[in-house]
Amino acid sequence: MAEGIIETEVDGIRTVLAHRPGPVTAGLLFRVGRADETLATSGITHLVEHLALHGHGMSDLHYNGATAGTHTHFHVQGGDDEIVEYLNGVCASLRDLPLHRLETEKEILRTEAAGRGAGPQHDMALWRYGAQGHGLTSYQELGLRRADATAVSDWARTRFTRENAVLWITSGTLPEGLDLRLPSGSWQPLPPVTSALPRTPAYIKGDDGVVVLDAVVRRSTAASVFSAVLGKALFRDLRQKGGYSYTAESDYTPRDAEFATITAVADSLPAKQDAVVGGFVDVLAALRVGRIEQADLDAARTAVLKQYEIPDLAAAKLPSYALGLLTRHPVQSDEEHIAELRALTVADLHAVAREVSANALLKVPGGEADWAGYVAAPSDSAELLTGSRHAYLADDTAALLIAPEGVSLTSPGNRVTVRYAECAVMLAYPDGGRHLIGNDGFSLSVEPTLYRMDAADLARIDAGVPPHAVVPMPPRDPQRIPGPPPERDREGRKDRARVHATPASPGSPASMWVFGVLAFLWGLVALVATSEEFDSTLYAAPDWAFVVFLWLLEAGLLFPVVTALRRRRRVA
Amino acid sequence: MSSTPPLSRPVFDPFAHHPSLATLRTACHARDWGTVSDFFAALGDEDERAYASSVVADLPGSEHLLEQASAAHPGDPLPRTLLADRYIRIGWSIRSNARASKVSEAQFGQFHSWLRRAEGLLIEVCAEHPAYALAWCHRVTTARGLQLGASEARRRYDRLAEHHPHHYAAQAKLLQQLCPKWGGSWEAAEGFARACAADAPPGGNNGALVAEVHMERWLDLDEGPDAAHMSAHAVRDELLAAARRSVLHPEYRPGFHWVTAHGHFAAALSLGRHHAEAAPHFRALGNMAGTFPWTYLGDQEAAFIKHRKTALAKG
């Protein structure tokens, strides 16, 4: 028990209180979040949170709800009456969800997702964990379309229970009139930790203009102080000294009771991004070999100690204290924490630096980081399944392989396999399009218009994927259904030729093939035509305008292919 | 400097130019790390160490001594840094100096693999000893070979220049990166060479970078325009002014780099048909010649003899 914090219970919910003058703040935490879902149910926790708050839509009260990786938080500030009304309302809704709002709230969630920008670190989790557990925070809420009234009610009844909750209120006593009855259930252990990174330190290719590093380390005072020291070292090197970056910082966030994630980010102009990668690597290397400034440690320590000087310390600590109870992270007393901070040495930070370096996942713009000792994260599947072969219509060196245990997609230099037993989700469109994502994060699209396959082949896939992984999708805009690729002049293919107005967008694998074949064919035409232009028996002098035109068109066709090849990587 | 008769055949052997280097070679062959280490410790400045490092890197088999020494002296940056230079040299000999289009994929694979080994050692040395010039100097080369980008090569040079602002060897390496053949521009390369020359204290080697960049440009131009470029009055005047502040300055003290520095002025002025102006450099050189720049002129020995003869006849 920490100083000034009173522990009690309300309707079977573990509750912590600490007095603070002025308006009261309160929070009701549940041990359920996005990492507890599957990709096929992804979004269901957020949906319950929205439904629980629906009744408060019109009030002026300062309140909010947030769905994080491992917890959901209902949060409010106001007078005693308002707190009581809000918390009672949330619990009443959780007991009896306003399911008539289900479709409306799903629509709101989809709108919210569309407006939410993805930060530069949004895809780090999927590369580290795959399309499951903690990796799900990288994904869209793909399971919303599958979440029906039964599924949502079941989720609320089993996860939003009194045993799986902690309440905190910045007040010395409980406000009158609380009615927080919730179904009884059990505390939910933290989700299992999965891995999609066979070797670390690893790197992935990122977009221009930003370098991101994350690492999972044991939770400790040393690790949180190390993160501050890392941020300071990056800022000093990349911004103050080099002038390459505007932002250079590091963050420490607990992941579960035992581990935390350190995430460091540095931005740059594209012209300077190579220097930012190099500087980033060097800053980390300096910390790894133990070149850590005592002054940096002292400054970071002082900043943490300052937090103990604020008034009403116990109340300020309540949310993180409550979260500690919820995740069963051993709670440290102030004295213990202060003593640990004071005792912290450069050697302690050095140990964390080695942990970070060994475990790091680095996202570098454009290029590679193997030169710095980082290994490339897997960019294709380890295996191809043996099954019936369904050639890509435009080029039979690419094909789908449909096997009893899953589907593979093979093309020269590329292979992706999703096993049915390891299928995180299959998005199923009424037109026959299927998008499968494996638990390891690899995905492939089955577009019947693009492969030599028929309805029976598609039915085999549909039968193979476990029903709990299937998300039925609404009809697609006809413009977004890929048309068949242009045919090579081969017998037996004409019957499938169906001209479609719009090719797939440049950059998609389908269009890569479309443009690739066109570029190849046009290249032959251009080559022959050019050689004729230079043949003095045919023409007195080459028509330069014509030759330039031929090759400009070729360049235009090659461009999307090259772009697509460069971009080819796992996609969330 | 030279005491040999000026018109004898040129000698391209660095051990003949600098007899003291024989100690280094003997020690490397005998796997006598103590003497190697003492040799580097006794050198007056970082540029001298960079030259001596290249001498060790050129000795076949020196990696065995350096690997042993690195293991035996884990806290000492010198053996790892020399080893990295040796790895770079092994890698580059596989790549060859041919244009990228003439180098096979397998050659590039091995080249990059040796450079990554070197870079791993250098990252560690620079992390431990951020002011250690020799390691940063080699990292300018690894950045170029591993194609880590112009801004990264520049960052490495800047980290070196922070502590050693007039490091001629590193400046010459960065100058390569700034040339169009490695993705740079003439504007950047010439600007850098001029700035290095102007900022250096009088009597430094740095002025020779002005001659080097004009040699690079000459090599890049087609026959005809190349001669026109070198014979231009502006180029001549710039070369003469740079030489006066550098190898011809009264305070110039010839170290290991002097054969290269004089050689660049001698070659650049000769190619512009400023033979009389080239003469002082040939007189200083006598029969000593470095592979650079003379290999740029085709048959290095014939080119040296021909231009020396003309220069000494006119000046």
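Biologist: Which residue in E6(A) is the bridge partner of Gly27(A)?

Modeller: This is a predicted model. Strand E3 (residues 24-30) of chain A is joined to E6(A) by 5 bridges, and the two run antiparallel. Gly27(A) has its bridge partner in E6(A), and that partner is Trp168(A).

Biologist: Which residue stands opposite Trp168(A) in the pairing of E2(A) with E6(A)?

Modeller: Strand E2 (residues 13-17) of chain A runs parallel to E6(A), with 4 bridges joining them. Opposite Trp168(A) stands Val16(A).

Biologist: How many residues of strand E6(A) are buried?

Modeller: Ala165(A), Leu167(A) and Ile169(A) point one way from E6(A), and all are buried. Val166(A) and Trp168(A) point the other way and are buried too. The strand is therefore largely enclosed by the rest of the structure, the count of buried residues being 5 of the 5.

Biologist: Are H6(B) and H7(B) roughly parallel or roughly antiparallel to each other?

Modeller: Helix H6 (residues 77-95) of chain B packs on helix H7 (residues 105-128) of chain B with the axes 8 Å apart, at an angle of about 165 degrees. Angles over 145 degrees count as roughly antiparallel. The two helices are therefore roughly antiparallel.

Biologist: What is the handedness of the crossing of H6(B) and H7(B)?

Modeller: The contact includes Tyr87(B) and Trp92(B) of H6(B) and Phe111(B) and Trp114(B) of H7(B). By class it has 16 nonpolar, 4 polar and 4 charged residues. The crossing is left-handed.

Technical notes: Residues numbered from 1 in each chain as written. Chains lettered and ligands numbered in written order. Predicted model: local features only at pLDDT ≥ 70, side-chain atom pairs only at ≥ 80, totals over all residues. Axes fitted to C-alpha atoms, helices over the stretch in contact; angles between N-to-C directions. Parallel < 35°, antiparallel > 145°, perpendicular 65-115°, else oblique. Left-handed = near helix turned anticlockwise from the far one by under 90°. Contact = placed C-beta atoms within 7 Å. Nonpolar A, V, L, I, M, F, W, Y, C, P; charged D, E, K, R; others polar. Buried ≥ 20, exposed ≤ 12 C-beta atoms within 10 Å, placed from the backbone. Pairing = 2+ DSSP bridges.
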